[in-house]
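This report describes helix packing and aromatic pairing in the structure shown below.

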Amino acid sequence: MNLELIKKPPQCLEYVIVHELAHFFERNHTEQFVALLDRMLPHWRIVRDELNAEALAHEDWST
């Protein structure tokens with residue numbers, strides 16, 4: 001887990017946890033993996049897009 005996730009909305013952390021737990025049942029991002037996410041977190045695509053919309057951490061390249 002990346003500690004920067006604490007700065008994201010709670011539903012983003014929920015998505016990451018459900019996503020990682022789903023890998024206990026399906027190793028890769030197969031159709032079965034997607035079906036599992038669909039069952040456990042029906043709005044996962046929206047939350048994934050929200051999570052990926054912004055950088056995980058602010059990086060200051062000026063120094």
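## Aromatic pairing and helix packing

In this predicted model, a search of the whole structure finds one aromatic pair (ring centres of Phe, Tyr or Trp, the last by its six-membered ring, within 6.5 Å). Tyr15 and Trp44 form this pair, which is stacked, at 6.3 Å centre to centre and 5 degrees between the planes; stacked denotes planes under 30 degrees apart. Because Tyr15 belongs to helix H1 and Trp44 to helix H3, the pair ties together parts 29 residues apart in sequence. Helices are DSSP runs (H or I) of at least four residues, numbered from the N terminus.

H1 and H2 pack against each other at about 135 degrees, with axes 10 Å apart.

| Helix | Residue range | Contact residues |
|---|---|---|
| H1 | residues 10-22 | Val18, His19, Ala22 |
| H2 | residues 31-40 | Phe33, Leu36, Leu37, Met40 |

This contact comprises six nonpolar residues, one polar and no charged.

The chain has an average pLDDT (the predictor's confidence in each residue, from 0 to 100) of 89, and 87% of the residues score at least 70.

Residues are numbered from 1 along each chain as its sequence is written, and side-chain values use heavy atoms, without hydrogens and water. Local features need pLDDT of at least 70 and side-chain atom pairs 80 or more, whereas totals for chains, interfaces and linings use all residues.

Technical notes
Axes are lines fitted to C-alpha atoms, for helices over the stretch in contact, and angles run from 0 to 180 degrees between N-to-C directions. Helices (H or I, at least four residues) and strands (E, at least two) are DSSP runs, numbered from the N terminus. Contact means heavy atoms within 4.5 Å. Ala, Val, Leu, Ile, Met, Phe, Trp, Tyr, Cys and Pro count as nonpolar, Asp, Glu, Lys and Arg as charged, and the others, Gly among them, as polar. Rings of Phe, Tyr and Trp (its six-membered ring) pair if their centres lie within 6.5 Å; planes under 30 degrees apart count as stacked, over 60 as edge-to-face and the rest as tilted.
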